[in-house]
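The entries below follow the order in which I went through the model.

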Amino acid sequence: MGYWLIKSEPFKYPFSKLVEDGKTTWDGVRNFEARNNLRAMKKGDYALYYHSNEGKEIVGVARVSRAAYQDPTTTEDWSVVDFEPVKALAQPVTLAAIREMPKLKDMALLKKSRLSVGPVTKPEFDAILRSSKTKL
DNA sequence: GCCAACGTTGGC
DNA sequence: GCCAACGTTGGC
């Protein structure tokens with residue numbers, strides 16, 4: 001089981017929209033490292049859903065419903081993954097709160113702030129859920 | 001293969 | 001809206 005963190009700007013595609021849609025295709029990734037992370041995802045993997053710019057907080061959990069395949073919006077070598085919503089966090093976890101937790105200081109989110117699709121370890125994932133008062 | 005220029009992301 | 005960080009591109 002893998003754990004990930006995906007970023008979206010809320011005005012573009014907020015978590016609430018994913019809940020509404022039931023599923024979405026994560027396209028538009030144009031960064032090699034992010035693409036490789038997409039390709040490493042397996043169906044059933046969990047992803048923390050982070051709102052960048054506005055909010056700057058993790059607001060929900062999504063799950064990979066279809067593993068990586070060719071990005072249909074381009075003929076170049078990029079990949080997409082399909083996500084379905086799992087649940088919204090009872091309490092969002094802000095970037096500031098993440099920074100304050102010693103356990104989370106090594107998160108890819110902090111270390112590589114510009115990476116839009118990054119890995120999360122199981123302990124990190126659990127710590128985020130705990131602090132959000134959410135159980136899957 | 002280096003590195004300057006450029007574009008984009010994302011926090012503030 | 002600004003700007004720092006950083007990935008990518010392209011000239012040499």
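Before turning to the sheet, I noted that two strands pair if DSSP finds at least two bridges between them, and that helices (H or I, at least four residues) and strands (E, at least two) are DSSP runs numbered from the N terminus.

I am working with a predicted model, in which local features need pLDDT of at least 70 and side-chain atom pairs count only at pLDDT 80 or more, while totals for chains, interfaces and linings use all residues. Residues are numbered from 1 along each chain as its sequence is written, chains are lettered from A and ligands numbered from 1 in the order in which they are written, and side-chain values use heavy atoms, with hydrogens and water left out.

**Strand pairing.** I found strand 3 (residues 46-51) and strand 4 (residues 57-70) paired in the antiparallel sense over 6 bridges, with L48 standing opposite V61 in strand 4. The hairpin of these strands has 5 residues between them, and there N53 takes a positive phi near 65 degrees. Strand 4 also pairs in the antiparallel sense with strand 5 (residues 79-94), over 10 bridges, and I noted A88 in strand 5 as the bridge partner of G60.

**DNA strand B.** Which residues surround DNA strand B? Taking a residue as near if one of its heavy atoms lies within 4 Å of the strand, I listed K7, Y50, S52, N53, K56, L95, R99, S113 and R114. Sugar and phosphate account for 67% of the atoms of DNA strand B that come within 4 Å of the protein. I then looked for polar contacts, meaning pairs of N or O atoms within 3.5 Å. A phosphate oxygen of this DNA strand is 2.9 Å from a side-chain N or O atom of Y50, one lies 3.1 Å from a polar side-chain atom of K7, and one is 3.2 Å from a polar backbone atom of N53, the residue with the positive phi in the hairpin.

**DNA strand C.** Around DNA strand C I found N31, F32 and R114, and sugar and phosphate make up 62% of its atoms that come within 4 Å of the protein. A polar backbone atom of F32 is 3.3 Å from a phosphate oxygen, whereas a polar side-chain atom of R114 lies 2.3 Å from a base oxygen.

**P119.** P119 counts as partly exposed because its relative accessibility is 40%, between the limits for buried (under 20% relative accessible area) and exposed (over 50%), using a 1.4 Å probe and protein chains only. Leaving out residues up to four places away in sequence, P119 touches Y3, W4, N37 and A108, where contact means heavy atoms within 4.5 Å.

Terms used: A polar contact is a pair of N or O atoms within 3.5 Å; within protein, one must be able to donate a hydrogen and the other to accept it, and residues adjacent in sequence count only if both atoms are side-chain atoms.
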